[in-house]
Amino acid sequence: MVAGRAPAIRLPERISEPVVNEPTAPLNTALFALGSFWRSEAVFGCLPGVVRTSVGYAGGTRVNPEFRNLGDHAEAVQVEYDPHMIQFRKLLDVFWSSHDSRQIFGQGPDVGNQYRSIIFVNGSEEARLAAVSKEKEQTRDKSTLVTTEIQQLGTFYLAESEHQKFELKRSPSLLQLLGNMRDEELTRSTVATRLNSYTAELCPPKIQNQIEGKISEIFRKGWPVLRDI
């Protein structure tokens with residue numbers, strides 16, 4: 001399926017009933033900074049056990065930062081996950097494999113303090129796991145230093161709505177299949193979290209193909225709202 005293609009399917013302007021059931025089990029929260037949050041959010045969305053993701057600002061001192069006025073904050077991704085299905089250690093593995101932790105003052109073409117690499121930890125056990133994983137990453141190549149900071153979790157400021165599920169919002173047809181959710185619903189939707197990764201082609205191949213098949217089936221049968229994947 002082509003991400004930007006608008007299929008010939010008629011939908012109401014907005015579906016008022018919930019598209020997904022909210023999880024009832026207690027969730028853990030992890031927070032990472034690994035470059036531009038537009039792409040970074042999609043890195044985690046397809047992991048089994050991840051319930052939702054959102055983007056925002058953390059690691060600085062400015063109160064109520066905004067995208068055009070971050071101060072000393074970094075762009076960050078908040079990951080809410082079921083600890084019975086995925087562990088913090090696995091999220092760390094994904095964090096390290098998804099960016100260049102040795103690049104100074106930016107990521108790829110994005111240059112600036114807001115793109116620095118940070119693991120935010122909540123408590124001594126997460127701090128220990130983060131430190132062990134950083135040491136392991138450093139031993140892979142000792143010719144350059146890993147620049148990643150490890151910080152105790154402070155205030156996370158949710159970013160403006162236009163930055164949430166950025167990759168998904170580039171696909172109007174998928175937004176339509178979700179029933180044209182309001183921004184706040186889209187931010188908290190588990191299905192939208194999955195589709196954000198799918199649109200960025202960051203899901204594992206098996207999951208990517210499963211989602212592709214589900215979407216194709218909906219188009220074929222004409223069922224208008226994608227409720228689960």
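Residues are numbered from 1 along each chain as its sequence is written, and side-chain values use heavy atoms, with hydrogens and water left out. Because the model is predicted, local features need pLDDT of at least 70 and side-chain atom pairs count only at pLDDT 80 or more, while totals for chains, interfaces and linings use all residues.

**View 1. R116 and E149 form a salt bridge.**
A salt bridge here is a side-chain nitrogen of Lys or Arg within 4 Å of a carboxyl oxygen of Asp or Glu. The search of the whole structure finds nine. In this one, the closest N and O atoms are 3.4 Å apart. R116 lies in the loop between β5 (110-111) and β6 (117-121), and E149 lies in strand β7 (residues 149-152), so the pair ties together parts that are 33 residues apart in sequence. Strands (E, at least two residues) and helices (H or I, at least four) are DSSP runs, numbered from the N terminus. R116 counts as buried, at 11% relative accessibility. E149 counts as partly exposed, at 29%. Buried means under 20% relative accessible area, exposed over 50%, and partly exposed in between (1.4 Å probe, protein chains only).

**View 2. R128 and E125 pair within helix α3.**
Their closest N and O atoms are 2.8 Å apart. Both residues lie in α3 (residues 124-139). They are three residues apart, about one turn of the helix. R128 is partly exposed, with a relative accessible area of 42%. E125 is partly exposed, also with 42%.

**View 3. K169 and D183 form a salt bridge.**
The closest N and O atoms are 3.6 Å apart. The pair links distant parts of the chain, 14 residues apart. K169 sits in the loop between β8 (157-158) and α4 (172-177). D183 sits in helix α5 (residues 183-188). At 25% relative accessibility, K169 counts as partly exposed. D183 counts as partly exposed at 34%. Elsewhere, salt bridges that share partners join R39, E167 and R170 into one network.

**View 4. Strand β2 is largely enclosed by the rest of the structure.**
Nine of the nine residues of β2 (residues 50-58) are buried. Two strands pair if DSSP finds at least two bridges between them. Eight bridges join β2 to strand β3 (residues 74-81), and the two run antiparallel. There, A58 stands opposite A74. Two bridges join β2 to β8, again antiparallel. G56 stands opposite L158 in β8.
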